[in-house]
Every structure is written in C-alpha cells, then in structure tokens.
Amino acid sequence: MELDEFLKQSAVDYTSRQIILLFSKHPFARFDRSAIASTIEGGSDILPTLQSLVSSGIIKLCQKGGAELYYLTSEPDLRDMVTRLGNMEWKQQQNFSRRKLIGLNVFSQTRPLGTR
C-alpha cells in the first residue's frame, strides 16, 4: 500500500489525521482517551474516531489497571505507514521553517565562528 492510499483510507478527517500523527511521533507510547483528546483542538468527542482506527487495525486497545490504553499496532506494514507519515510531516515542517529563515536573511548575516 502506498502512503497516498493509506491516507485516503485511514486519515479521513482532521481528528483521525491528528491521532495518527500523534502515534507517528510516539510509536511506543500508550495513551488513554483523555491524553489523546488533549492533543487535538476540539478533541472532546474522539471516541468514534478511535473506534474506527481500532477497527482498521492501526491502533490497538488494551486494558491496564482498569484504564483503556491505545497504542500503535505492531503490524509492520501499517506501522511503517504511520511512521512514514510522521517523518514526512516533520521534514515538511523543517523545510518550511528553513525557507522562512532564509527569506528573512537570517543566514546571510551570520559569520563563521572566531571572526568579528
């Protein structure tokens, strides 16, 4: 499966995309629902999205000490898609930031270390 196809099938709305991005940045973490909701603007009703991601196999659900915890699947193909998405997003953000700094001439005003 290609990344474009994965996104069309899995990241169908803002909330699902944000949850997938959260797990792409923290692939070994386990979060409860309130922790996930706190990372999403307007994330008060994320249960239907979490259920959809669980049923698609991207996110897994476990019970630990009476709490429901969500974590990224260990299935290699799906896990790879999620981490690739996170890497792509990070690189795009870095490229954007770098272009903004170059556009502001920040780099042209710097001097090599040891020179005045």
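Author: Two strands are taken to pair if DSSP finds at least two bridges between them. The model discussed here is predicted. Its open sheet has 3 strands in the order 1-3-2, with antiparallel pairing. Strand 1 (30-31) and strand 2 (59-64) each have a single partner strand and therefore stand at the edges, with one side of each left without a neighbour in the sheet.

Reader: How do you know that strand 2 and strand 3 pair?

Author: Strand 2 and strand 3 (residues 67-72) are joined over 6 bridges in the antiparallel sense, and the criterion asks for at least two. The two strands therefore count as paired. One of the bridges links K60 to Y71 in strand 3.

Reader: Why is T49 called buried?

Author: The relative accessibility of T49 is 13%, and buried means under 20%. T49 therefore counts as buried. This residue lies in helix 4. Leaving aside neighbours within four places in sequence, T49 is in contact with D13, T15, S16 and I19.

Reader: What puts the buried residues of helix 4 on the same side?

Author: The buried residues of helix 4 (residues 47-56) are T49, L50 and L53. They span an arc of only 100° around the axis, so they lie on the same side of helix 4. These buried residues pack against helix 1 (3-10), helix 2, helix 3 (33-38), strand 2 and strand 3.

Reader: Which strands does helix 2 lie across, and at what angle to strand 3 does it run?

Author: Helix 2 (residues 14-25) lies across strand 1, strand 2 and strand 3, and runs at about 75° to strand 3.

Note on methods
Residues are numbered from 1 along each chain as its sequence is written. This is a predicted model: local features need pLDDT of at least 70, side-chain atom pairs count only at pLDDT 80 or more; totals for chains, interfaces and linings use all residues. Side-chain values use heavy atoms; hydrogens and water are left out. Helices (H or I, at least four residues) and strands (E, at least two) are DSSP runs, numbered from the N terminus. Contact means heavy atoms within 4.5 Å. Axes are lines fitted to C-alpha atoms, for helices over the stretch in contact, and angles run from 0 to 180 degrees between N-to-C directions. Buried means under 20% relative accessible area, exposed over 50%, partly exposed in between (1.4 Å probe, protein chains only). The arc is that of the directions from the helix axis to the C-beta atoms.
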